[in-house]
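Subject: Structure handover

Hi there,

I am passing a structure on to you, and you will find it just below. After it comes a short tour of what turned up.

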2 protein chains.
Amino acid sequence: MGFSDRLEGYTGKVREVLESAEVDIGDEVEIVVDESKKFRGILMSRYELADPDFIVLKLPNGYNLGIRFREKIKVEKLSETKKPIFKPLGKPQHLPSLPKVTIIGTGGTIASRIDYRTGAVRPVLTVEDLLSIMPELASIAELDASILFSMFSEDMTPREWSMMAEKIDQYIKKGVDGVVIAHGTDTMGYSAAALSFALQKPPIPIVLVGAQRSSDRPSSDSATNLIAAVKVAGHAPFGEVCVAMHHSYSDDIIAIHRGTRVRKNHTSSRDAFKSVNTEPVAFYKNGEIIVNRKDLNTRYSGQYVFNPKFSDKALLLKFFPGMSSEIIEDIWMRGYRGIIIEGSGLGHVARRLLPMLKKILDDGIFVGMTSQCIYGRVNMRVYSTGRDLLRIGVTPLDDMLPETAYVKLSWALAQSTDIEEIVKIMLTPLAGEIGERSLP
Amino acid sequence: MGFSDRLEGYTGKVREVLESAEVDIGDEVEIVVDESKKFRGILMSRYELADPDFIVLKLPNGYNLGIRFREKIKVEKLSETKKPIFKPLGKPQHLPSLPKVTIIGTGGTIASRIDYRTGAVRPVLTVEDLLSIMPELASIAELDASILFSMFSEDMTPREWSMMAEKIDQYIKKGVDGVVIAHGTDTMGYSAAALSFALQKPPIPIVLVGAQRSSDRPSSDSATNLIAAVKVAGHAPFGEVCVAMHHSYSDDIIAIHRGTRVRKNHTSSRDAFKSVNTEPVAFYKNGEIIVNRKDLNTRYSGQYVFNPKFSDKALLLKFFPGMSSEIIEDIWMRGYRGIIIEGSGLGHVARRLLPMLKKILDDGIFVGMTSQCIYGRVNMRVYSTGRDLLRIGVTPLDDMLPETAYVKLSWALAQSTDIEEIVKIMLTPLAGEIGERSLP
């Protein structure tokens, strides 16, 4: 795909109307529908498989709008495209006062389809690319961009968490004012937790950002999320690992979630990411950062601890009614050193699993309890099943997210081989992962 | 514990005040706080470990209220308790027009601590017990009560699902107008799904009900939930398997959730149960049932299908970033016939797991995909990982809850040994478990 294909992706009647108006992809156009509704924006290309009945415009606010074709439609060219879109602008001129922000690409929808002006699928390789398609970024920060991985986030492992942490630490040492990680959304919550433990109380904001809708779709959130992420990375007063994603279904607020407390709670919605059991760190609205918590690590607090090691001997196990102890025995045999259980309710499993759990606990395997309810906290002193689980040595993990508990265990197992030390690490709040017990 | 212990559970200053007012557990009292706030209700006993600074009253609306002790508190007796509380009332007299509702106890907070008047822990054994403590039930339905199990719900297995289904079918054949299942909340969502597949389009409402707070706590939801459940079982116009639990944090609305679409989403909150990806079947408010859906099976629709068999060869497996294919291999070796995966995002797992998944699929094991996002639906045609999973034979399960998908698979495996037939069963909506695809 490229600009050589005039009106790329448009077919049939829609194409005819666009051709007779002598417009091309990238032109600024005005479209009048039913002689009353008027839309102005840049004409974007379409994918082969997209609904052929739509014309897509990039509106001045950065959003894409799909206009359904109908008989009463009028298209008028306002100005020519400035082709080629990806013409390098040369080293951009910045005001010396702008903060330095580096963007690290790891893959995912946001990094691979960032070209929201033309809809073409291509990875973002350089800061020039970024600025040519999102020129407003130049007024927010002095940007630098690089690619670390180009992978689907479901393929990431503890090894990639370590590599990301190391790369970020290098940039911190170079003196950047903020880091943005473009990441696939599937496991962005896990990676955010991992970076929270690997880079504790960092001197600068480390902001993971993704997109739920690719930029060829009218409802894409790529641009708005990335702009918020760069703003927070460069300008926020805190040094925290966080995730920047749409807060609600409406367009204008981006929530900045704590890295250890955020979860992808919807498969496709723009507001899929939610802070669980706590409030977001901040919000981004109309170009401003609104700080939302008092317990934040400030920039350059001097408390930075860097430890990028993770073990692959941790495991996350969700309890279900028919679960048999064979599964736990197999995990033991495979040499795993720790298990996070997603128990039921306040932190329970079937009593029939207790003898096998006791065996592996006696063998020095760590077993931590979280709840598959997702919301709320485990409390294993209410019912006898919980008390018996405590008695055999299961560690209750309070209101930690199961996913965060699994990531923290991967990290803890790389810090120590002593089970008592591992239990202590798991119970000590290190990156906001455990909430204060609220009054009943 | 019992009435022989005067002012059971009250200690210190609180006990002194109560003693000097010459009141006892079960008396109707008036408490005036700070010379201004007045409360009337029945004085309840306390547990040994409860906060000693509270006096607990059962208010006329059935709720318990905890009043914090302070210096300016006045207690006055209005009337004596009618002891003993559990004095049998004899066979209750009912209006002949009342529907017949049977309550089946299986365990859990609601069945074991139903005595919300005195706070004493005891199982509910007879309808006389129930009516003596919740007399309002006598005006809702002609009640019958029995105990099937007394177990924590985390100990239930597919075997117990079958036994519950068989017991309910017996009552249906006896001609009752509704069934209420008192159930522990930990796995009530799984059991509700199981009964939905075992008793499809039942001629009467089958209502599971639990309590998040035991009845000795001021905030107990036992009474309100049970009253709503009995009302729906006896009077609702639909024949559906559903769950009756508090809708919101406020006291006055009980949501009636569809059995295949409900999830315990909080460890302890009264409004922990949520309908996921859909609306509740109905609401109960101020004694009235408000039907909330048009797609309900009506009472005595004549479409009832009873099939109580479940297999224990199904398994629920949550994907996590470090997952290795060893886990899947072990499941295969253990003879499981089907796996429901809680994938990431739109329904993905790491690509490194594909060769092992292909092996077990080629061996005739069913593999179904759901999402750990909980909300939303899987769509495996958007990214190449999803397309590759489809290509090797993974079955995408749309917006089915992972827990419901696991229960349905347990049921499907008991219906057939033919993999194509099992895939077909999994993809066919049988009890509202798959939602219609909404327009983009």
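Two strands are said to pair if DSSP finds at least two bridges between them. Helices (H or I, at least four residues) and strands (E, at least two) are DSSP runs, numbered from the N terminus. Please keep in mind that this is a predicted model, in which local features need pLDDT of at least 70 and side-chain atom pairs count only at pLDDT 80 or more, while totals for chains, interfaces and linings use all residues. Residues are numbered from 1 along each chain as its sequence is written, and chains are lettered from A and ligands numbered from 1 in the order in which they are written.

Let's begin with a sheet in chain B. This open sheet has 8 strands with mixed pairing, in the order β7-β6-β8-β10-β11-β12-β15-β16. At its edges are β7 (142–147) and β16 (288–291) of chain B, each of which pairs on one side only. From one strand to the next, the twist averages 25°; axes here are lines fitted to C-alpha atoms, for helices over the stretch in contact, and angles run from 0 to 180 degrees between N-to-C directions.

Two helices of chain B pack on this sheet. Helix α4 (residues 158–174) touches β6 (100–105), β8 (178–182) and β10 (206–209) of chain B, and its direction makes about 150° with that of β8(B). Helix α5 (residues 188–198) touches β10 and β11 (241–246) of chain B, at about 155° to the direction of β11(B). Contact means that the C-beta atoms of two residues, placed from the backbone, lie within 7 Å.

Within the sheet, β12 (residues 253–258) and β15 (residues 282–285) of chain B run antiparallel and are joined by 4 bridges. For instance, B:Ile253 has B:Lys285 as its bridge partner in β15(B).

Now to the two chains together.

How many residues does each chain bring to the contact? Chain B gives 46 residues and chain A gives 46 residues. On the side of chain B that touches chain A, β18 (314–318), α7 (325–333) and α10 (402–415) of chain B each supply at least two residues. The copies meet through the same surface, because 100% of the interface residues of chain B are also interface residues in chain A.

Enjoy exploring!
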